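User: I would like to go through this structure with you, from ring contacts to backbone details. Could you take my questions as they come?

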Amino acid sequence: MGNYAGTDRERDIASVIHPQTNLLNHLKDGPSIITHGEGVYVFDEEGNRFLDSGAALWCASLGFKNERVAKVAYQAMQQLPYFQIFRGYSHGPAIDLSERLLQIAPVPMSKVLLQCSGSEANDSAVKLAWYYWNGLGKPKKRKIISRLGSYHGSTCVAISMTGNAAYHKSFGLPFEGFLHTEGLNYYRDARPGETEEAFSKRLADSLEALILKEGPETIAAFFADPVQGNAGALPPPAGYFEKVQAILKKYDILFVVDEVICGFGRTCSMWGSQTYDLEPDLITCAKGLSAAMLPISALLINERVFKVMAEESDRIGVFVHGFTYAGHPVASAVALEVLNIYREIDIAARVKSLEAPFLAMLKSLTDHPLVGDASGVGLLGGIEIVADKETRRSFDPRFKINALIDKHAQKNGIILRTTPAYRIAYSPPLIISEDEIEEMGRLTRKTLDGALNEHRKA
Ligand SMILES: Cc1ncc(COP(=O)(O)O)c(C=O)c1O
């Protein structure tokens, strides 16, 4: 392609920065170059096929090829390749998409703020929480609480909410006022004999203690993803959200639900909020919104918050917030078509029908010496990688077990998402078939066998 000097590998090494990659190692290892996809598979430049168990970054819900959406993108670009929605301008695609999102929202929502990424949506949600409390004359209500183990994005604010110290190191983050309460891995962190309900109560008590220590009058909002993606697609323990929501209500703290992974069918309902009976004030979503075919995200805002926003914007003059590509007409048209497809194939029901074989596949892996436990919901779940099943001990990082698993996965034609929490996370495209789920299990087992053998020899 083109008149370029050098192989694609050489040109990549010479020019591209890769997120979440060891930049020094990359200079010698180079990239894996993906050329195209079909269904749940992607292909590299040598023609090797990989089953992507993570739908790329939890997002390619309709898989890696879709003619129908491609045609809509082409038509939308011909109609109006771009116009802003600043200063009261609008266009059909932004209106249609916003209206549809309000129609399908899990709880009554009033307005939609369109953005380009999950990080931007979460960043904006923090700003809106601040704007809201300022509007109500409570400027001290500024602190944000999120949970250890959750990932909320890479902008300075979204990463400040992210509960993982490795993401903050050397950036001088998190910002002051971003607090983290406990994560929720029952398998790893429960005390001997503690029930799931008792574990949830302990987490909720700990959240309440944090709020009281900081002063409820200083806490603006609590952020949570219904299933914790970055912790390895970890569902909440029984009773967790019920207890947490009661505390948020008690102290008048806004509840922001990050549906960036869970939205659009992934957990057997259209929203994770429906699966876990959540009543958010604000919802952020992205990824599955367009099945990742174009970058777009949305922030859904309830009437309570919108009313104050509207008054505050009037007091100031305008609502001083926005991104150039917000509500991009082509991305909005694509997202709307993706939502049409979800409706036609009843995506939530489809996921529900695949949940049992998916969870059975994960459970079947627990007889492997490396796998301590498995859990999930819908088409989102994970297996716990342990060095010792008895004690549930993780591998010493110097063994680099995740890198070994990645290497064998690649050899076996499967892309697996290993996580720093030593839990392999699964979030396949929602169009996956039962046979492909079975293949995912088979290739995972082969990969774990290979990694274990190599580890034992080392
Ligand atoms: C739960 C969650 N929130 C937010 C984000 C950030 O989204 P983006 O990468 O589109 O900024 C991610 C990304 O993986 C995510 O998993």
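User: What should I know about the model and the numbering?

Analyst: This is a predicted model, in which local features need pLDDT of at least 70, side-chain atom pairs count only at pLDDT 80 or more, and totals for chains, interfaces and linings use all residues. Residues are numbered from 1 along each chain as its sequence is written, and side-chain values use heavy atoms, with hydrogens and water left out.

User: How many aromatic pairs are there, and by what rule?

Analyst: Rings of Phe, Tyr and Trp (its six-membered ring) pair if their centres lie within 6.5 Å; planes under 30 degrees apart count as stacked, over 60 as edge-to-face and the rest as tilted. The count by this rule is 13 aromatic pairs. One of them is the tilted pair of Phe241 and Phe255, at 6.5 Å centre to centre with 35 degrees between the planes.

User: Which parts does that pair tie together?

Analyst: Phe241 belongs to helix 10 (residues 240-250) and Phe255 to strand 8 (residues 254-258), so the pair links parts that are 14 residues apart in sequence. Helices (H or I, at least four residues) and strands (E, at least two) are DSSP runs, numbered from the N terminus.

User: Are Phe241 and Phe255 buried or exposed?

Analyst: Phe241 is buried at 4% relative accessibility, and Phe255 is buried with a relative accessible area of 3%. Buried means under 20% relative accessible area, exposed over 50%, and partly exposed in between (1.4 Å probe, protein chains only).

User: What about Phe241 and Tyr276?

Analyst: Their ring centres are 6.3 Å apart and their planes stand at 45 degrees, so the pair of Phe241 and Tyr276 is tilted. Tyr276 is in the loop between helix 11 (272-275) and strand 9 (282-285), while Phe241 is in helix 10, so this pair ties together parts 35 residues apart in sequence. Both Phe241 and Tyr276 are buried.

User: Which residues form the aromatic cluster?

Analyst: One aromatic cluster is formed by Phe222, Tyr240, Phe241, Phe255 and Tyr276.

User: Where do charged ends sit over rings?

Analyst: The charged end of Arg49 sits over the ring of Tyr41, 3.7 Å from its centre. That of Lys111 sits over the ring of Phe306, 4.5 Å from its centre. The criterion is that NZ of Lys or CZ of Arg is within 6 Å of the ring centre and within 35 degrees of the ring normal.

User: Switching to helices: how do helix 14 and helix 16 pack?

Analyst: Helix 14 (residues 347-364) and helix 16 (residues 434-457) pack at about 10 degrees, with axes 10 Å apart. Axes are lines fitted to C-alpha atoms, for helices over the stretch in contact, and angles run from 0 to 180 degrees between N-to-C directions. Helix 14 and helix 16 are therefore roughly parallel to each other; angles under 35 degrees count as roughly parallel, over 145 as roughly antiparallel, 65 to 115 as roughly perpendicular and the rest as oblique.

User: Which residues make the contact?

Analyst: Helix 14 contributes Leu354, Pro357, Phe358, Met361 and Ser364, and helix 16 contributes Glu434, Ile437, Met440, Gly441 and Arg445. Contact means heavy atoms within 4.5 Å.

User: What does Ile414 touch, and where is it found?

Analyst: Ile414 is found in strand 13 (residues 414-415) and counts as buried at 1% relative accessibility. Not counting residues up to four places away in sequence, Ile414 touches Phe50, Leu51, Ser53, Ala409, Met440, Leu443, Thr444 and Thr447.

User: Which residues does a cis peptide bond join?

Analyst: Leu173 and Pro174, with omega about 5 degrees. Pro174 lies in the loop between helix 7 (156-161) and strand 6 (178-181) and is partly exposed, with a relative accessible area of 34%. Residues up to four places away in sequence aside, Pro174 touches Ser160, His168 and His180.

User: Last topic: what is the phi of Arg392, and that of Lys400?

Analyst: Arg392 has a positive phi of about 65 degrees although it is not a glycine, and Lys400, not a glycine either, has a positive phi of about 45 degrees. Arg392 is placed in the loop between strand 12 (380-385) and helix 15 (401-412), and Lys400 is placed in the loop between strand 12 and helix 15. Arg392 is partly exposed at 40% relative accessibility, whereas Lys400 is exposed with a relative accessible area of 55%.
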